[in-house]
Amino acid sequence: MNRADFPLLKQDIIYLDNGATSLKPKCVIDKMNDYYANYSANAHRGDYDLSFKVDQEYEQTRELVKEFINAKCLEEIVFTSGTTESLNMIINGFFGNLLEAGDEVLITTSEHASNVLPWFRLVKKLGIKVNYIPLDSNYYVTMENVKKSITDKTKVISLAGITNVIGDIRPIKEITKYAHDHNIFVVIDGAQMVPHVKTDVTDLDIDFLAFSGHKMCGPTGVGVLYGKKELLEHLEPINLGGGMNESFDSPDTVYLKPLPTRLEAGTPNIAGVIGLGEAIRYLNKIGFENIVKEEHNLRKYLIDKLLPLKHIDIINIESDSGIVAFNVNNIFSQDVAYYLNKYNICVRAGNHCAKILKSSVGVTNTVRVSLYFYNTYEEIDNLVELLSDYDKIVREMI
Amino acid sequence: MDSETKRAIIMENYMHPTNRKRMEEEEYLKVNTNNASCIDNIDIYIKFKDNIIEDITFEGEACAISISATSIMINNLIGKTKEEALKYIANFYNMTNNEEYNEDLLKEGVVYSDIYKQGNRKTCATLPFRGLEKAILESLK
């Protein structure tokens with residue numbers, strides 16, 4: 001659906017790598033071009049009309065994000081360069097000052113590197129411990145396993161809302177309820193979740209959420225850090241500089257601005273933020289219930305067509321999102337991706353930045369198809385037709 | 001060499017590569033070589049005897065192009081001097097960059113003569129050579 005909105009789809013390309021980044025609709029591109037062409041002043045310099053307009057558009061996006069994820073107030077919405085920066089700010093700026101040697105953080109083996117490596121750094125720096133919630137036979141996180149993994153040392157549970165390889169939706173609401181009853185913070189990596197399912201931070205009672213604009217029809221280089229206001233107050237800014245300070249005379253007299261500005265040092269990615277606002281308007285117009293339904297139907301269609309193919313091993317037959325990971329018997333995933341590329345089909349091969357997942361799944365690399373609402377049944381037919389002929393794959397993979 | 005022959009040589013070296021085995025013995029130097037933009041990742045084990053490459057083996061996970069190129073490299077460079085190997089590698093790079101190269105010197109290495117047309121596979125073909133080159137240059141220091 002809505003294919004006409006995407007200029008890139010005018011090309012003869014089947015784009016099935018939405019987990020890496022989504023395509024951008026014309027309205028988002030136009031909105032950013034409009035900023036660059038017609039009012040490209042800096043933000044927070046409202047002394048003249050152009051700059052005032054920048055502030056208005058910039059802050060309007062904050063309003064849109066707040067509504068979009070149902071945060072309680074604008075101070076809870078911080079613009080960053082993306083999920084990676086958001087997670088690093090949360091982990092270093094908040095937990096880096098809070099955790100002590102021996103404290104435990106729970107993650108899983110299917111987390112993205114951005115939700116693993118910053119914690120590993122705290123292991124080295126503070127002597128905390130990273131433990132893994134075991135995955136069940138479908139590689140899902142179950143409440144039972146969460147409960148089993150918690151000890152009296154557990155301080156944080158940090159999980160992807162939806163993982164980027166398996167695509168399972170984690171039971172976040174149950175996890176936050178149980179975690180909060182045990183004084184445990186919950187951090188959610190929303191990179192794959194926020195673009196694909198309605199995310200209500202108040203209902204889910206998430207303490208911190210990180211997500212990116214570019215996976216949800218927005219521009220690259222912009223993302224969001226959400227934190228409950230009372231927690232964000234204690235997040236130490238990693239970047240110090242212009243725009244975030246109130247006054248300073250000496251090292252002893254540095255006064256910072258209130259939230260969220262003090263966490264946005266320097267000239268922000270203004271065009272990106274404004275583009276993100278337009279992407280949210282765009283997704284709102286389509287409606288999340290429609291996005292979820294379409295993705296679900298497309299995925300089911302793809303799985304039903306792949307299942308009879310004996311030479312295809314699907315890693316995640318069961319999954320709630322538009323991600324399907326598979327391998328073709330005895331063919332390296334990258335060769336499959338190159339083969340499909342010859343027919344202008346874009347899929348991803350690899351470990352998808354989840355390098356420790358192999359210990360659970362037993363497979364290092366997979367081919368990953370990740371769908372979005374603008375994909376079609378016809379595109380899936382094309383893909384499956386190419387995958388159904390094993391000899392053709394072997395013949396044409398080099 | 002026609003394209004069917006090239007294809008057959010690549011597939012044969014992919015399906016049955018030469019010396020695919022780990023070599024943990026002390027006299028073998030181990031170098032890892034990988035591609036930043038994709039998932040090819042192999043370890044190459046090299047045994048030098050004075051100035052001669054006496055043995056090369058490898059292990060790892062990589063695509064058909066990388067594996068076959070490693071096998072072809074091994075077939076052609078065992079027994080060569082370090083200088084001869086570096087000359088071979090330089091010619092191989094020239095071929096993958098669509099620059100002038102010595103076809104006779106590369107022998108079956110010429111099966112990748114069209115790879116420059118596929119930018120994203122060029123790094124697959126050169127992967128093992130970059131590893132071996134690194135090891136030779138290190139050993140000459």
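A salt bridge is counted here where a side-chain nitrogen of Lys or Arg lies within 4 Å of a carboxyl oxygen of Asp or Glu. In the predicted model described below, Asp30(A) and Lys26(A) meet this criterion, with their closest N and O atoms 2.8 Å apart. Both residues belong to helix α1 of chain A, which covers residues 26–38. Asp30(A) and Lys26(A) are separated by four residues, about one turn of the helix. Side chains of opposite charge can pair when their charged atoms come close. Over all chains, the count by this rule comes to 28 salt bridges.

The contact between the two chains was examined next. The interface involves 17 residues of chain A and 15 residues of chain B. Together the chains bury about 1,300 Å², and carbon and sulfur atoms account for 57% of this area. On the side of chain A, 47% of the area buried against chain B is supplied by Phe332(A), Tyr338(A) and Ile398(A), more than by any other three residues.

Between chain A and chain B the count is one salt bridge. This salt bridge links Arg121(B) to Asp335(A), whose closest N and O atoms are 2.5 Å apart. Polar contacts between chain A and chain B amount to five residue pairs, with both residues at pLDDT 80 or more. Three elements of chain A, namely α11 (333–341), β14 (348–350) and α14 (390–396), each contribute at least two residues to the side that touches chain B. The largest share of that side, five residues, is provided by α11(A). Classified by residue type, the side of chain A that touches chain B consists of six nonpolar, eight polar and three charged residues.

Within chain A, strand β3 (residues 104–107) and strand β4 (residues 129–132) pair in the parallel sense over four bridges. Val105(A) has Val130(A) in β4(A) as its bridge partner. In a regular strand the side chains alternate between the two faces of the sheet. Together with helix α4 (residues 117–126) of chain A, β3(A) and β4(A) make a right-handed β-α-β unit.

Two loops of chain A were noted for their backbone geometry. In one of them, between β10 (254–256) and α9 (270–286) of chain A, Pro260(A) is found. The peptide bond that joins Leu259(A) and Pro260(A) is cis, with omega about -5 degrees. The other loop, between α7 (201–204) and β7 (208–212) of chain A, contains Asp205(A). Although Asp205(A) is not a glycine, its phi is positive, at about 60 degrees.

Key: Residues are numbered from 1 along each chain as its sequence is written. Chains are lettered from A and ligands numbered from 1 in the order in which they are written. This is a predicted model: local features need pLDDT of at least 70, side-chain atom pairs count only at pLDDT 80 or more; totals for chains, interfaces and linings use all residues. Side-chain values use heavy atoms; hydrogens and water are left out. Contact means heavy atoms within 4.5 Å. Buried area is the accessible area (1.4 Å probe) that two parts lose on being put together, summed over both. A polar contact is a pair of N or O atoms within 3.5 Å; within protein, one must be able to donate a hydrogen and the other to accept it, and residues adjacent in sequence count only if both atoms are side-chain atoms. Ala, Val, Leu, Ile, Met, Phe, Trp, Tyr, Cys and Pro count as nonpolar, Asp, Glu, Lys and Arg as charged, and the others, Gly among them, as polar. Two strands pair if DSSP finds at least two bridges between them. A crossover is right-handed if, with the strands pointing away from the viewer, the path from the first strand over the helix to the second runs clockwise.
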